[in-house]
Amino acid sequence: MIRNKIKEQLWYILVVIFSVVTVFVSFMIPASLLLVKQIRMFFGLFSTSFLPGYVFNKVLFAKKENRSIEMIALSFGTSMIIVSIIALFLSFSPWGITYSSTIFSLFTFTMIFATVALVISLKK
């Protein structure tokens, strides 16, 4: 039974690991090497174009079982909207739209909504 619960919640573990690795790669590793730039682009692209929408859709459709292809398609579209809204709010904030504020706000959004989705799925 515990093993089944862990399998059901594997998405949360992967989202957290991927988000933390993205922040680490973005801030801790210098971008002077060509390979590092490609790694940063991969993590950044995935973190902005998929993860925010995925965790947001997990919260919205927590009670409904979605097929994985539907969830992937919705995640890309929703991520575009979420990133645009976060950028709009950042442009009016005192921090502005900078590299660090964008990464930090997307990381915070992803972690908050992933945790809310996990709590909702554990309650059902």
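**A pocket and a helix pair**

Let's start with what the second largest pocket is made of: its lining counts 6 nonpolar, 9 polar and 1 charged residues. Keep in mind that this is a predicted model. The pocket itself has a volume of about 260 Å³. Sixteen residues line it, and if you want to find its centre, look for Thr 22, Gly 44, Ser 47, Thr 48 and Ile 103, which are the closest to that point.

Where does the lining come from? Three helices each put in at least two residues: H2 (10-28), H3 (34-49) and H6 (99-123). H6 gives the most, with 6 residues.

Now stay with H6 and turn to its pairing with H4, the helix that covers residues 51-60. The axes of H4 and H6 come within 8 Å and cross at roughly 25°. Angles under 35 degrees count as roughly parallel, so that is how H4 and H6 run relative to each other. As for handedness, H4 passes H6 in a left-handed crossing.

Which residues make this contact? On the H4 side, pick out Leu 51, Pro 52, Val 55, Phe 56, Lys 58 and Val 59. On the H6 side, you'll want Leu 106, Phe 109, Thr 110, Phe 113, Ala 114, Val 116, Ala 117 and Ile 120. Sort the residues of this contact by class and you get 12 nonpolar, 1 polar and 1 charged.

Technical notes
Residues are numbered from 1 along each chain as its sequence is written. This is a predicted model: local features need pLDDT of at least 70, side-chain atom pairs count only at pLDDT 80 or more; totals for chains, interfaces and linings use all residues. Side-chain values use heavy atoms; hydrogens and water are left out. On a 1 Å grid over the protein atoms alone, a cavity is a set of points where a 1.4 Å probe fits but cannot get out, and a pocket is an open set with protein on both sides within 12 Å along at least five of seven lines; lining residues have an atom within 4 Å of a point. Grid points are joined across faces, edges and corners, and a volume is the space filled by probe spheres set on the points. Helices (H or I, at least four residues) and strands (E, at least two) are DSSP runs, numbered from the N terminus. Ala, Val, Leu, Ile, Met, Phe, Trp, Tyr, Cys and Pro count as nonpolar, Asp, Glu, Lys and Arg as charged, and the others, Gly among them, as polar. Axes are lines fitted to C-alpha atoms, for helices over the stretch in contact, and angles run from 0 to 180 degrees between N-to-C directions. Angles under 35 degrees count as roughly parallel, over 145 as roughly antiparallel, 65 to 115 as roughly perpendicular and the rest as oblique. A crossing is left-handed if the near helix is turned anticlockwise from the far one by less than a right angle, and right-handed if clockwise. Contact means heavy atoms within 4.5 Å.
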